[in-house]
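Student: I have a model open and would like to learn how to read it. Can we go through it feature by feature?

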Amino acid sequence: MQTSPDIAAIVLTVKLAGLTTLLLLLIGTPMAWWLARSHSRLKHVVGAIVMLPLVLPPAVIGFYLLVLLGPEGPLGKFTQALGLGLLPFTFAGLVVASVIYSMPFVVQPLQQAFSAMGDAPMEAAATLRASPLDAFICVALPLARPGFITAAVLGFAHTVGEFGVVLMIGGNIPGKTQVLSMAIYNHVEAFEYESAHWLAGGMLCFSFLVLLLLYSRGWNRQP
Amino acid sequence: MNIQVQFKQAYPGFSLDVDLALPGRGVTALFGPSGCGKTTLLRCMAGLTRASQGQLVVHGETWQDDVTFMPIHQRPVGYVFQEANLFAHLSVRRNLQFGQSRVPAARHRVEFDRAIDLLGIGHLLERKPAGLSGGERQRVAIARALLTSPRLLLMDEPLAALDVARKNEFLPYLERLHAELDIPVMYVSHAPDEVARLADYIVVMNAGRAIAAGALTATLARLDLPIRLGEDAGVVLEAVVVERDEAWHLARVEFPGGSLWVRDGGHSIGQPVRIRILARDVSIALEKVMDTSILNCLPATVDQLADDSHPALSLLRLTMGPSALLARLTRRSAVGLGLMPGMPVWVQIKAVALIG
C-alpha cells in the first residue's frame with residue numbers, strides 16, 4: 001500500500017495544480033482579453049511568448065528558469081533583495097515554474113472564447129448603459145464560461161502532469177517539492193512497480209472522471 | 001429640428017460626410033443602398049464608432065463635438081441591432097432588466113409591463129434567447145432598448161433578418177411604438193415598404209452623403225431627385241378613412257386635396273392611414289373620362305415635367321390642393337396632350353396601396 005511520502009506527493013501535487021490554476025485564471029483572463037480584443041501590433045509578440053511553452057522542451061524551460069531564478073540570475077538577485085530568498089528547490093519556485101509552463105493551456109481557450117464572442121455582446125451592453133468593466137463582468141465573463149472551464153481543466157491537468165520543469169526547478173525533495181510524477185518515477189527507478197501502479201492508475205481514473213463529468217455536463221455547449 | 005448631426009470620417013474607399021438637422025420627434029428613415037453609410041452614421045450617433053470629426057447635439061445636449069465625446073454607455077440612446085444581439089446567458093426577463101436596472105429609477109419613463117405589452121412578449125419572459133424565433137428576438141431587443149427610457153431610439157434594419165411573413169407580423173408593433181411613445185426614432189433601412197409605412201421624415205443617402213432630407217411625403221414627390229422607393233417612383237399620402245362601402249368592400253380615404261376609393265382593409269372610420277401611389281399607376285386625361293373601369297378620377301394641376309430614366313418616358317408632378325402626385329407617361333403622350341405647368345387635368349389612378 002501507499003507510504004506516507006506518496007500521500008505527501010499527492011497532496012503537494014493537488015496544492016500546486018490548484019494554486020497554479022487559480023493564479024493562471026487571474027493573470028490569464030486580462031491577458032487573453034487583451035490578446036483577443038487589441039489591435040496593437042505588440043499582441044503578436046506577446047501571443048508568441050505566451051505560446052512558447054507549447055513548443056519548447058520542458059527541460060529547456062526548466063534550465064532557463066533555474067538560471068534566471070538562481071543566485072547569479074537577475075530574478076534570483078531580485079528575490080534575494082526582497083528578502084524572499086532563492087526560489088529554486090522550493091514550493092514557491094514550483095508555482096512560478098508551473099504558471100509559466102501551463103500558461104498557454106489557460107490563455108489559449110480563454111482567448112478563443114473571447115474572440116468567438118465578437119464585438120456584438122459588448123456593444124449591446126454598452127448601449128444598455130453598462131460601463132466597460134460592468135459589461136466585462138456581467139456579459140463577457142458569463143458568455144466565456146465554457147472557455148473558463150476548458151482553461152481550468154487543461155491548466156490543472158497540465159500542471160499535474162509536468163515532469164521536466166519540476167525536475168529542473170524543484171528537484172525531488174520528498175514532502176517539499178516531490179510531486180506525483182516524481183514519485184512515480186522514483187518507484188519505477190526502484191522497481192517498485194506495485195506502488196507505481198497505484199499512483200499511475202489513480203491518476204488515470206482521476207483524469208477520466210474529470211473529463212467524463214465535464215462532457216456529461218456539456219462543457220462545450222453554450223451556457 | 002432638435003437633432004444636429006455632423007460627421008466626417010474617411011475609410012479606405014469610402015468616406016462618410018453628413019451634416020443634417022433632424023426632427024426631434026417621429027420616425028426618421030435613413031434610406032439608401034447597402035454600403036451607403038447609413039449604418040455607419042447610426043453607429044456614430046450611438047458612439048459605437050468614433051468619427052474623426054463630428055458634432056452631435058440632441059435636444060440641446062452635446063453628445064459629441066471637437067472636445068466632448070460622451071461614452072456610449074452614458075448616452076441616453078436605445079440601439080436595436082440588425083441581429084437582435086440578446087445576451088445568450090440571460091433569460092428574456094433578465095435581458096429586459098439589464099438596461100433598465102442600470103438607469104436610475106427616477107428617470108424611468110417606460111414601464112416594464114408597458115414595454116412587454118407593446119411588443120407582445122409577456123409569454124416569453126422565462127425563456128432563453130436561443131429558444132425564440134427571429135421575430136420574437138427582435139421584439140425583445142426593442143423592448144430591452146425601450147426600457148432604458150432612451151431620448152433617441154436608433155434602429156439598424158431591425159427587420160433585415162426576418163422573412164416576409166415575420167416582417168408583416170412585426171410592422172404593426174413598430175407602428176404602435178410610433179403611435180404610443182413619444183421617442184424620436186432613427187430607422188435605417190433599404191426596404192421601401194418599411195420606409196413608406198413607418199417614416200415621417202426621410203434622409204436619402206448615397207456613397208456616404210445625404211443627397212436629400214425632408215418630410216417623407218414632400219421628399220418623395222420631388223422630381224429633381226432620383227429617389228426610387230423600390231422599383232418605381234411614387235408618393236405616400238397621409239389620409240383618414242371617412243366612409244365604408246360594405247356592399248363593394250371599399251373604403252373612401254380622404255387626404256388634403258381629395259379623396260380616393262381603396263380596398264377595405266378593415267379600418268374603422270376616422271382612422272389615419274397611409275396610402276402609396278406609384279407613378280406608373282397614374283395616367284392623365286384632359287377631360288373627365290366617364291366610361292372607365294378606373295374608380296379614382298380626380299382633378300389636378302400639372303406642376304412640373306421632367307425626364308425619366310428612359311428617354312421615352314417623362315415624369316410628371318401634379319398637385320391636388322396641398323398634396324402632390326407623380327405620374328409616368330411617355331414623352332409622346334406628354335407632348336401630344338400639350339401638357340404644361342399650370343394646366344388643369346384629370347388623373348386616373350389605377351392602383352392605390354393602403355399601407356398601415
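This is a predicted model: local features need pLDDT of at least 70, side-chain atom pairs count only at pLDDT 80 or more; totals for chains, interfaces and linings use all residues.

Student: How many helices and strands does chain A have?

Tutor: Helices (H or I, at least four residues) and strands (E, at least two) are DSSP runs, numbered from the N terminus. Chain A has 11 helices and 0 strands, so its pattern along the sequence reads α-α-α-α-α-α-α-α-α-α-α. Its C-alpha trace spans about 65 × 45 × 30 Å along the principal axes.

Student: What percentage of chain A is buried?

Tutor: A residue is buried if 20 or more other C-beta atoms lie within 10 Å of its own, exposed if 12 or fewer, and partly exposed in between; C-beta atoms are placed from the backbone. In chain A, 37% of the 223 residues are buried. For contacts, the rule is that the C-beta atoms of two residues, placed from the backbone, lie within 7 Å. Of the contacts in chain A with a separation of 6 or more, 73% are between residues 24 or more positions apart.

Student: What span should helix α8 of chain A have?

Tutor: The expected span of a helix is 1.5 Å times one less than its number of residues. Helix α8(A) has 17 residues (145-161) and should span 24 Å; its end C-alpha atoms are 24 Å apart, which agrees.

Student: Which residues of α8(A) are buried, and what covers them?

Tutor: An α-helix has 3.6 residues a turn, so residues three or four places apart point the same way. The buried residues of α8(A) include Gly147(A), Phe148(A), Ala151(A), Ala152(A), Gly155(A), Phe156(A) and Thr159(A). Among the elements that cover the buried residues are α1 (4-37), α5 (91-117), α10 (180-189) and α11 (193-216) of chain A.

Student: What should I make of a positive phi?

Tutor: Most residues other than glycine have a negative phi. Arg129(A) has a positive phi, near 75°, and sits in the loop between α6 and α7 of chain A. Phe191(A) also has a positive phi, near 60°, in the loop between α10 and α11 of chain A.

Student: Is Arg129(A) buried or exposed, and is Phe191(A) buried or exposed?

Tutor: Arg129(A) is buried, because 23 other C-beta atoms lie within 10 Å. Phe191(A) is exposed, because it has 8 other C-beta atoms within 10 Å.

Student: Into which domains is chain B divided?

Tutor: Domain bounds come from an automatic or database domain assignment. Chain B is divided into domain 1 (3-220) and domain 2 (234-355). The contact between them takes 5 residues from domain 1 and 8 residues from domain 2 of chain B. On the domain 1 side, α7(B) gives the most, with 3 residues.

Student: How do strands β17 and β18 of chain B run?

Tutor: Two strands pair if DSSP finds at least two bridges between them. Here 8 bridges join β17(B) (residues 313-320) to β18(B), and the strands run antiparallel. They form a hairpin with 2 residues between them, and Gly321(B) in the turn has a positive phi of about 60°. Leu316(B) stands opposite Ala327(B) in β18(B). In β18(B) (residues 323-330), 6 of the 8 residues are buried.

Student: How many residues does the largest nonpolar core have?

Tutor: A nonpolar core is a set of buried Ala, Val, Leu, Ile, Met, Phe, Trp, Tyr and Cys residues joined through C-beta atoms within 7 Å. The largest has 151 residues, and those with the most contacts inside it include Ala29(B), Tyr187(B) and Leu325(B). Its largest share, 12 residues, comes from α5(A). Leaving aside neighbours within four places in sequence, the contacts of Ala29(B) include Tyr187(B), Val195(B) and Leu198(B).

Technical notes. Residues are numbered from 1 along each chain as its sequence is written. Chains are lettered from A and ligands numbered from 1 in the order in which they are written.
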